[in-house]
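Let's look at how two protein chains meet. Have the sequence and the structure ready as you read.

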Amino acid sequence: MRALFTAATGMEAQQTRIDTIANNLANVSTSGYKKQVPQFEDLFYETLAAPGATDATGQALPTGAQIGHGVRLGSVGRVHTQGDRITTGRELDLAVEGDGYFQIQTPGGETAYTRDGAFQVDQDGNLVTRLGSLVIPTINVPTDASNITVLEDGTVSALVGDATSPTTLGQLQLARFTNAPGLRGLGSNLFAVSEASGNAELGIPNQNGFGGVSQGFLESSNVDMAEELVRMILAQRAFEVNSRVIQASDEMLQRASNL
Amino acid sequence: MTTTSLYVSSAGADARLKQLEMVANNLANADTDGFRADAASFGRALTANLESADAERSLGLHVFVNTQGPGVRHVSGPVTRTGGDLDVAIDGPGFFSVQTPAGVRYTRAGGFQVDPAGQLISTAGHPVLGDGGPINVGPGAARIDADGQIVSATGGVLGRVAVDLFEDPSQLSKAGENLFEAPPLARRQPAGVRNLVPGSVETSNVKPMQELAHLVVLQRAFDASMEALQADDAASNRLIQEMNR
């Protein structure tokens, strides 16, 4: 009874939909989070009659008859649209406006990428993420530095000591990817290069299509709560109708076997 | 009472099982971008069988195929905004074409991506075809506009997706992976007249409530076929007993 398995694939698909919605909603206020959207594909078809075939009476069928075997998960892509810009006023909170990711060195020594620009200064004076991973290229902020300014092109400067004119401390770089939705999520607001994303291409913010850096802002999650809730209701209904098919198949089978 | 009625009832029951499989596939794909529902109504084919003078021969037909009604329902599904730069929906008729190992296939699922080599691909990973074959998008952000042009972040045009039209979409057959296979009848839409919705995808055109209604009706019809089978069986049973007396 193919319908039973077909309906089961439908229920499984909706379960995956609900799983991604749950994760999106859980991260509705995670800075730099990019929502995930599953995409589904229909499975192969059994062709019972090809379009244009002739039936036993010699009449050509204007349409064919094909029976499909259900659905499978095609991909769970990330939607890399810009999240809202939230004012924090903190001088080390940075948001990227446009294409590009900050580069981070993970404790394991690998390079990771993030849109979450909530940076801090560690005990050595280096610019680090919330979790203490180094920002690349390394920017060292002297202990006596004040009035740190980050320009749109990523130039970081500060007043050092009693100086009245700012000293340039370094320049931030951004990385971009041929296929950003193909980045691998590492958790902790970090992404890693994958075979699907292509290698990172580095550049100066606000140049050659790279986004600019905004100081005093954080990029919030791009999850749209209303949209997710609507999708959740749709997924729930779709799950129910698929389970109704299982019930119908079962009843019909029972009826046939009770003959 | 003849054996014909037994065959007719069982063919009816079999038709409902096929219809059930179609409904199941439609509902399983209620959330599949670009999916188009299959439709079949069997009433007519069954009536023809019952009325046929040569019923046993005509029972050899695929009774479930309705020669009057539609096969695949080629009406557009709802266009949903996604915000994806490379997501695009076709407003009106036509299909995107993709290059698969088995040849050119057609799809309404416009959630496109870029592969690591920089080529525009469908969700299933097949290169999307433009006016001059596969489209190289290269590195960096790009978006598709309402005319199908792929525009880079710096404003350069990198290519344009093609839309293929069919005089009669019912000639298409389904190939899985949201793809349709076509006889070589496609007519490519001339450049500049494309009507695309950027940042959106066309979702499945399955109407769950309608499918549920079909489900209830086909279940009742199946029950009726089963009743008829039982009645036939009881009648032949009685006949045999009478003859043995």
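## Where chain A meets chain B

Across the interface of chain A and chain B, 18 residue pairs are in polar contact, both residues being at pLDDT 80 or more; such a contact is a pair of N or O atoms within 3.5 Å, where within protein one must be able to donate a hydrogen and the other to accept it, and residues adjacent in sequence count only if both atoms are side-chain atoms. H2(A) gives the largest share of the side of chain A that touches chain B, with 11 residues.

This is a predicted model, in which local features need pLDDT of at least 70, side-chain atom pairs count only at pLDDT 80 or more, and totals for chains, interfaces and linings use all residues. Residues are numbered from 1 along each chain as its sequence is written, chains are lettered from A and ligands numbered from 1 in the order in which they are written, and side-chain values use heavy atoms, leaving out hydrogens and water.

Here is the interface in brief:

| Item between chain A and chain B | Value |
|---|---|
| Residues in contact (heavy atoms within 4.5 Å) | 63 residues of chain A, 65 residues of chain B |
| Buried area (accessible area, 1.4 Å probe, lost on being put together, summed over both) | about 5200 Å² |
| Salt bridges (side-chain nitrogen of Lys or Arg within 4 Å of a carboxyl oxygen of Asp or Glu) | five salt bridges |

A salt bridge joins B:Asp223 to A:Arg255, with the closest N and O atoms 3.6 Å apart.

Technical notes:
Buried area = accessible area lost by both parts, 1.4 Å probe. Helix = DSSP H or I, 4+ residues; strand = E, 2+ residues; numbered from the N terminus.
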